[in-house]
Amino acid sequence: MDGKAPPWGHAPLSRLKKDTRYELTTQEGRQVLMAQADGSASLYGTSFRPARGSGGWLRWSWKTDALVPDADNADPRREDAPLRVVVAFDGDAAKLPLGERARRKMAETMTGRPPPYAALIYIWGSREAPGTVIPSAHTSQIKMIVVQSGTEGLGRWHDVRRNLREDYRRAFSSAAGPVVAVAVMTDTDNTGKQAAGMYSGFGFDCAAR
């Protein structure tokens, strides 16, 4: 994040999973977070107190040189991606159905921290059309949105800017709560393959340009 955003750091996804390796570096004058996954999955991000009106537009840049072989984010057995940006939202978890609350409790036991109320995950997919919303097979409170897909554009930087509130309403058919965390995740824990991704230039915008 630019400006006075909270510091970023590594966050394991589960005690049962191998961690993705993240490293901060500089390339061509820009600060870059490099991710290397090898049968692994973990997050690198920042959390903060919800602010009134937060969750407008999020921008970032990302780059990958290759897709994850055999990955398919519509199949939970092959749900991997070289690039993911995760945006977590606040909400009243007590109003969730009983099954969802039980899944939240199980997730907290596995990770050692409570999961967010809801999350959007922006991905570079292997085969899904850009704009596709993919529901998580694990919980109704996570939806994936395909930003880019396939081999077109591999090997170069892409600037992304998303309207979080519009994306949330389209994915969940309800209004978004405040944003409470932003993270990246390059993962290959399901396919067992290798993948690399680069991220840079995160920042919030309040209004459309």
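The model is predicted, so local features need pLDDT of at least 70 and side-chain atom pairs count only at pLDDT 80 or more, while totals for chains, interfaces and linings use all residues. Residues are numbered from 1 along each chain as its sequence is written, and side-chain values use heavy atoms, with hydrogens and water left out.

**Helices**

- Helix 1 spans residues 98-111; helices are DSSP runs of H or I with at least four residues, numbered from the N terminus.
- From first to last C-alpha, helix 1 reaches 20 Å, close to the 20 Å expected at 1.5 Å a residue, the expected span being 1.5 Å times one less than the number of residues.
- G112 follows helix 1 and has a positive phi, near 85°.
- In helix 2 (residues 164-172), L164, D167, Y168, A171 and F172 are buried, meaning under 20% relative accessible area with a 1.4 Å probe, protein chains only.
- These buried residues line one face of helix 2, because they fall within an arc of 105° seen down its axis; the arc is taken from the directions from the helix axis to the C-beta atoms.
- S173 follows helix 2, with a positive phi near 60°.

**Aromatic rings**

- The whole structure holds ten aromatic pairs, counted for Phe, Tyr and Trp (its six-membered ring) when centres lie within 6.5 Å; planes under 30 degrees apart are stacked, over 60 edge-to-face and the rest tilted.
- Y168 and F172 form a tilted pair, 4.5 Å centre to centre with 35° between the planes.
- Ring pairs also join W8, Y22, Y44, W60, W62, Y122, W124 and F202 in a cluster.

Notes. Helix = DSSP H or I, 4+ residues; strand = E, 2+ residues; numbered from the N terminus. Buried < 20%, exposed > 50% of the residue type's maximum accessible area, 1.4 Å probe, protein only.
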